[in-house]
Number of protein chains: 2
Amino acid sequence: MKNFDFHNPTRLVFGKDTIPNIGSYVQQYGEKKVLLLYGKGSIFKNGVYDQVVASLQAAGITYVEMSGVQPNPVLSKVRETVQFMKEEQVEAIVAVGGGSVLDTAKICAASYYYAEDPWDFYERKVFPDKALPIYGILTLSATGSEMNSGGVITNEEEKKKWGWGSKVTYPRLSIVDPSVQKSLPRNQTVKGVVDTLTHVFEAYFGGTKNTLMQDEFSEGIIRTTMAAAKVLLEDPSDYDARAELAWAATLALNGLNGLGRAGDWASHGIEHSLSAYYDIAHGEGLSMVMPAWMQYVYKEDVDKFARFGEKIFGLELEDQEAQALAAIKAYKDFLQGIGAPVTLRERGIGEEHLVEMSKNALLRGPLGTLKVLSEKDVLEILRLAL
Amino acid sequence: MKNFDFHNPTRLVFGKDTIPNIGSYVQQYGEKKVLLLYGKGSIFKNGVYDQVVASLQAAGITYVEMSGVQPNPVLSKVRETVQFMKEEQVEAIVAVGGGSVLDTAKICAASYYYAEDPWDFYERKVFPDKALPIYGILTLSATGSEMNSGGVITNEEEKKKWGWGSKVTYPRLSIVDPSVQKSLPRNQTVKGVVDTLTHVFEAYFGGTKNTLMQDEFSEGIIRTTMAAAKVLLEDPSDYDARAELAWAATLALNGLNGLGRAGDWASHGIEHSLSAYYDIAHGEGLSMVMPAWMQYVYKEDVDKFARFGEKIFGLELEDQEAQALAAIKAYKDFLQGIGAPVTLRERGIGEEHLVEMSKNALLRGPLGTLKVLSEKDVLEILRLAL
């Protein structure tokens, strides 16, 4: 096990009928005027907007609104939001939505105290020492952004989809009410499942050995996610399964299961490049990239992929390499079984930008820890994914 | 899954050679004078005292010392320490040792701002709204106190061994260097293993169903702990196993695995009564009480005990009740295998105080959630443990 330093200060409020408390939480922590940040309108359909607004009003919290955060959130929206926040002098952000809204809130919260362009943080030209408090109201369990400090933003002009985070950008408090996710369309649930699994894989398959507790923890999240997916695809309104998936998604990326290990994160890097070129959802991109990555790198740690096969799919082949390959196939089968794409062509992506995307994926430096990937490696993985 | 509200603000620094950073951490957070609190001298043998003192001195932190915290920490020591802290006007506590030292630090940190007797907190006459910051340097992984807000103190005069905690008593930062535990005597390692397992069981067997993620998480901690125990009893200096056990012990009681569930805690309540009457270690007491509790209550949730048998011991009996009973026997066998006592008589405890202890265990109200225990139930469990 590698040394680690863990500090996750986010308070997580989880369960049914918890959203109407948001006003009193903000009141207790002392802010009087907030930015209400959200996406494109699903929160009007599922009633969350009304719950939040009624709660803020009841607590005497003033709010101004910014809507229109896109599923793959963009820098232009960040700039617009920061400008608005400064004009309005808000004291906190109440971010209502999925990971895109929370990710946008994080960079905006830090940029509030910064006079120059928010992209500077992503380019690591500057590091924040403070940020406005963030309150998250999660409506789609997938990215884990509700209980971590990170976020991904796309710089549309430069075709850079990059991650960033800081110890000052953990949400102060996030509310996760799984019951509001009952009305999600099937493909959104599927994307959340894939995103959750992939976050675990990035920690689980990274280049560190001898971390039994973390492997056990990761395998528990994987099995729980897969079991919940199976139930939800039959009955999207099953509360217990929604709660299991929501909690698994939070645990998949709140930092715990990756402690003491080198995370890999190559698949995320490749996917970010992919969705900088094509308007596909992050979960979809991961579903296409990760099995190809597995196929390309499994020889670096055959035992771990074989263990994956045993602990997740109950495989018991004698030959470890055959077991590793069978495990990768079983994961692909699982994805296909839930209706997730496993090839680029399924989303109409061909060879047209593969070389550019391989270069793009390595703009910030090498990718991966299980195997450190060169541009040529990334290209091979994208080809395998075709 | 039940609703929950989770907020664990402790920063955990984990790994080799991390203790010499304590001075710079205290400096960064801004305190200039601290109480150095510890037990009876093991920290002189394993070199931890020297590391801490050198680090504080190098950082220019003034310290005053209080030693002599006992393995079952007592109220008289708390009173003495609080008095001393007030006289010396310390700004933080650096608690060096196992759970007993951390538990003492917590009540002292809160009592620093309270003019009356510390026991008032345990009697729930008063609730703290602030406490001095606590820095933990863990030298024995067992109680999980390094990353939670709770502690247990014995009021010797009144024979009350009670737990207490508050949201202001989480350590600000704890350092866990598993390598300093290499020199622990075998029986201390065994007690840590039993304490860790029992903490998990209290969450795992509590009276809530349908919490797959939490069950998976708990089972992962149990398997990791048992695997590490096996290695350490052969080779106490195996770093990886020390690290696995240390991390498992922290996770067993940092609040996570019990979320969304009703913890049971009856075995802890009974053990506290037991060790208020007899000078036995907490881990030993749990080792004697918990199997008896299991035997007495398993019918309340046969499926869960059967699952325990499958997931932990690989049992595959067709009859669920037979499987549950086999699981309890397998756990008893495990305890005996590591040299932990499973009957009261092994520690010279007979029937002399059983009735008194049963009454004592229920002084603060009913015990348990899987089965709510009456005085008669507690007596039966103690008899089963004889």
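Start with the hairpin of strand 7 and strand 8 of chain B: four residues lie between the strands, and Lys159(B) takes a positive phi near 50°. Strands here are DSSP runs of E with at least two residues, helices are runs of H or I with at least four, and both are numbered from the N terminus. Select 150-155 and 160-165 of chain B, and you have strands 7 and 8, which pair in the antiparallel sense over six bridges; two strands pair if DSSP finds at least two bridges between them. Within this pairing, Val152(B) stands opposite Gly163(B).

A word on what you are viewing: this is a predicted model, where local features need pLDDT of at least 70 and side-chain atom pairs count only at pLDDT 80 or more, while totals for chains, interfaces and linings use all residues. Residues are numbered from 1 along each chain as its sequence is written, with chains lettered from A and ligands numbered from 1 in the order in which they are written.

Next, select 212-234 and 239-252 of chain B, which are helix 8 and helix 9; their axes come within 9 Å and cross at roughly 145°. (Axes are lines fitted to C-alpha atoms, for helices over the stretch in contact, and angles run from 0 to 180 degrees between N-to-C directions.) Show side chains for the residues that meet, including Ile221(B) and Leu232(B) from helix 8 and Leu245(B) and Ala248(B) from helix 9. Contact means that C-beta atoms, placed from the backbone, lie within 7 Å.

Now bring in both chains. In all, 30 residues of chain A are in contact with 30 residues of chain B. On the chain A side, strand 1, strand 2, helix 8 and helix 9 each give two or more residues, and helix 8 of chain A has the largest share, eight residues.

Select 11-14 of chain A with strand 1 of chain B: strand 2 of chain A pairs there in the antiparallel sense over three bridges, and Leu12(A) stands opposite Phe6(B).

Finally, colour the open sheet of seven strands, in the order 4(A)-3(A)-5(A)-6(A)-9(A)-2(A)-1(B), with mixed pairing. Strand 4 (62-66) of chain A and strand 1 (4-6) of chain B stand at the edges with a single partner strand each, so one side of each has no neighbour in the sheet.

Definitions and conventions: Contact = placed C-beta atoms within 7 Å.
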